[in-house]
Amino acid sequence: MNRLEALEHFHETYAKEVLNQKIHQVVSLYEQRKEELSLSFIQSFQWICQQANHIEVPQGRIGYITYSMRRTYLMERNYNYIIEAFDKSWFFDPGPCQGVYDAGWAFSFWGELMDELSQLRKPYMNKVIQPDVERFALQAVEEFHQYILQLARDAIGQAVQTPEFKVLRCEDDLEVRIGEYKGISKVVYAAADGILHDSAR
C-alpha cells in the first residue's frame, strides 16, 4: 500500500478505536470522581479570585476570568490550563493575574493516546510517521477539552457562591470563560445575567 492508503488504514483500524477507548476512560473517571474534580476546580477558582483581589487592577475591576488550554503545553505533556483574571480590556490588559488549573485528570488519557498510536504506527514502516500521529492527536484535543468545559459548567454554580468570589472587585458584566488560549472560548458564567451559560458566545 502507498502512504495515503497506509494512513487511511491506520486511522480506520487503530487511531479512531484508541481515541474512543480514551474518551470512554475520561467519561468513566469523570462520573466516578465528579465531586472531587468539582472541588478541585472550585479551589482553583477561589485561588484566582483571591490573587486578583490582592493586585492593583488599573481600571479597578476584573472583567474576565478565563481558563485556557494551550496546545504547545500539551505537546510538552504539560496538562495545565492557564487561569487568568483580566480587567475589562481582556487580552489588552498589560498585567493580568495568572494561575494554573491541572487538567491532567482528562488530558493524561490524551497523552496515552499519543503513546499508543506512536507504537501502533511502527508496523507501517515509514508510511505512517510520527507527525501523522501528532496531527491526529491535536485534532482530537477538542474531544478531551469538552470534559473540562463540562466540569466548569457543573462546578461554576458553587464556585460563584464562594466568599472569595463574592468579595472580588469585578465589573457588573464579568464573564467566566473556558477555551483555547487567545482563541475561541465559551461563557460558563455571566454576572450581568446572574445565570450559567450552556451556549457558545
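Colleague: Quick one on D154: is it buried, partly exposed or exposed?

Modeller: Partly exposed, at 30% relative accessibility. Keep in mind that this is a predicted model.

Colleague: OK. And which side chain does D154 meet in a salt bridge?

Modeller: That's K34, at 3.5 Å from N to O. The pair links distant parts of the chain, with D154 in helix α5 and K34 in helix α2, 120 residues apart. K34 also counts as partly exposed, at 38% relative accessibility.

Colleague: How many salt bridges turn up in the whole structure?

Modeller: A search finds 10. Among them is E112 with K22, where the closest N and O atoms are 2.9 Å apart. That pair also links distant parts of the chain, E112 sitting in helix α4 and K22 in helix α1, 90 residues apart.

Colleague: Is K22 buried or exposed?

Modeller: K22 is buried, with a relative accessible area of 4%, while E112 is partly exposed at 31%.

Colleague: Switching to helices: at what angle do α1 and α5 pack?

Modeller: About 20°, with their axes 10 Å apart. Under 35 degrees counts as roughly parallel, so α1 and α5 are roughly parallel to each other. Their crossing is right-handed.

Colleague: Then which side chain does the E84 side chain make a polar contact with?

Modeller: The side chain of Q98, at 2.6 Å.

Note on methods
Residues are numbered from 1 along each chain as its sequence is written. This is a predicted model: local features need pLDDT of at least 70, side-chain atom pairs count only at pLDDT 80 or more; totals for chains, interfaces and linings use all residues. Side-chain values use heavy atoms; hydrogens and water are left out. A polar contact is a pair of N or O atoms within 3.5 Å; within protein, one must be able to donate a hydrogen and the other to accept it, and residues adjacent in sequence count only if both atoms are side-chain atoms. Axes are lines fitted to C-alpha atoms, for helices over the stretch in contact, and angles run from 0 to 180 degrees between N-to-C directions. Helices (H or I, at least four residues) and strands (E, at least two) are DSSP runs, numbered from the N terminus. Angles under 35 degrees count as roughly parallel, over 145 as roughly antiparallel, 65 to 115 as roughly perpendicular and the rest as oblique. A crossing is left-handed if the near helix is turned anticlockwise from the far one by less than a right angle, and right-handed if clockwise. A salt bridge is a side-chain nitrogen of Lys or Arg within 4 Å of a carboxyl oxygen of Asp or Glu. Buried means under 20% relative accessible area, exposed over 50%, partly exposed in between (1.4 Å probe, protein chains only).
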